[in-house]
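Dear colleague,

Please find the structure below, handed over for your records. My notes on what was found in it follow directly after.

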Amino acid sequence: MTADALTDVAGVRVGHATRTGGGWLTGTTVVLAPEGGAVAAVDVRGGGPGTKETDALDPRNLVRKVEAIVLTGGSAYGLDAASGVMAWLEERGRGVRVGPDPAQVVPVVPAACVFDLGRGGDFRARPDAATGRAAVEAAAAASERGAAVPQGCVGAGTGAVAGQLKGGVGTASTVLESGITVAALVVANAAGSAVDPETGALYGELFQGRVRYPEPEVHGAALRRLAEVAERNAAPPLNTTLAVVATDAVLSKAQAQKLAGTAHDGIARAVRPVHLLSDGDTVFTLATGARPLDEADPLALNEVLAAGADLVTRAIVRAVRTATPVDGPGGSWPSYGELYGGR
């Protein structure tokens, strides 16, 4: 049985820490690799990224595997959440061994942040090391395979906004004909819109072939509401879409980096415009190495690349559809479901 989530890749776990109320609207999401780590890579295409340890993932550099990836709110301040994850991993001897004692390790924990500062009303309410520890503990407590992953306004998606709509976390997975599993988890917090302004349909659903176009009067009412929201929320959109694409395929760091790059196509299908100067769009990949690619086929990676992009698109659609509205001291963001109805 599968959860249609990132956790369908055996050994990969997901945990959220969510803070709301009292000026808070933010959180952290941790993707925990199997013990021993997973091959990892990254591709950053937004013009305003906030990241940590991404240089370590360059295929030319030393580190081959990582134990966890952190996605967090709080802009660059929120990158402190990675410190809590590092401490938790160090306590368990998980990381790059740097001394004769097995306990002498340095966990490499790549991280990326979304901008959500002040959306709960308090600019200084942002994730820290304690938030990161709470998220990794939640991940460790999840069952090993096929665990349901909460979606919508949780973890790093708590304060996420997609255009003028509430954003959030979404996830999806598939098993390819080769038996390889590919999955994605996304934090949809885009400066661009996920909605076609002419019809009200989600861009991502246009590529899935399952589009339900809203009635014209419903779309008209939604546009009027969004215009009111835009006037109230005077702050400029400083946003970022983050994703983790995981697979159980055997990949080199270079192949994993190629997967991260093509997965950005999934963002471009679901959000317009993307990769702006006010975005920090970043995609990480994890490869657990349980299933080898067909060595007789030099193009065997292609099906993994295509699936990664498709799943990022699906995950963004889910993030927007599962998000819930927010109306508070930091701003007002209706949800897609509130404006257009559920499915």
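In the protein chain, 79% of the contacts with a separation of 6 or more are between residues 24 or more positions apart; contact here means heavy atoms within 4.5 Å. Please note that this is a predicted model, in which local features need pLDDT of at least 70 and side-chain atom pairs count only at pLDDT 80 or more, while totals for chains, interfaces and linings use all residues. Residues are numbered from 1 along each chain as its sequence is written, and side-chain values use heavy atoms, with hydrogens and water left out.

Overall architecture

The protein chain has seven helices and 17 strands; these are DSSP runs numbered from the N terminus, helices being H or I with at least four residues and strands E with at least two. Along the principal axes, the C-alpha atoms fill a box of roughly 65 × 45 × 35 Å. Of the 343 residues, 57% count as buried, where buried means under 20% relative accessible area, exposed over 50%, and partly exposed in between (1.4 Å probe, protein chains only).

Helix H2

Helix H2 covers residues 129-141 and includes Thr131. The end C-alpha atoms of H2 are 18 Å apart, in agreement with the 18 Å that its 13 residues should span at 1.5 Å a residue; the expected span is 1.5 Å times one less than the number of residues. The buried residues in H2 are Thr131, Gly132, Ala135, Val136 and Ala139. Seen down the axis of H2, these buried residues fall within an arc of 130°, so they line one face of the helix; the arc is that of the directions from the helix axis to the C-beta atoms. They pack against strand E1 (13-21), strand E2 (24-32) and helix H1 (81-91). The face turned away from the buried side carries the exposed residues Ala130 and Ala141.

Thr131 itself has a relative accessible area of 7%. Beyond its neighbours within four places in sequence, Thr131 is in contact with Ala17 and Thr28. Its side chain also makes a polar contact with the side chain of Asp128, at 3.0 Å; a polar contact is a pair of N or O atoms within 3.5 Å, and within protein one must be able to donate a hydrogen and the other to accept it, with residues adjacent in sequence counting only if both atoms are side-chain atoms. At the start of H2, a side-chain oxygen of Asp128 reaches to within 3.1 Å of the backbone nitrogen of Ala130.

Pro334

Pro334 sits in the loop between strand E17 (331-333) and helix H7 (336-340), and is buried with a relative accessible area of 0%. Not counting residues up to four places away in sequence, Pro334 touches several residues, including Gln164, Arg225 and Pro325.

Backbone geometry

Most residues other than glycine have a negative phi, and most peptide bonds are trans. A cis peptide bond, with omega about -10°, joins Arg272 and Pro273. Glu53, which is not a glycine, has a positive phi of about 65°, and is partly exposed at 31% relative accessibility.

Yours sincerely
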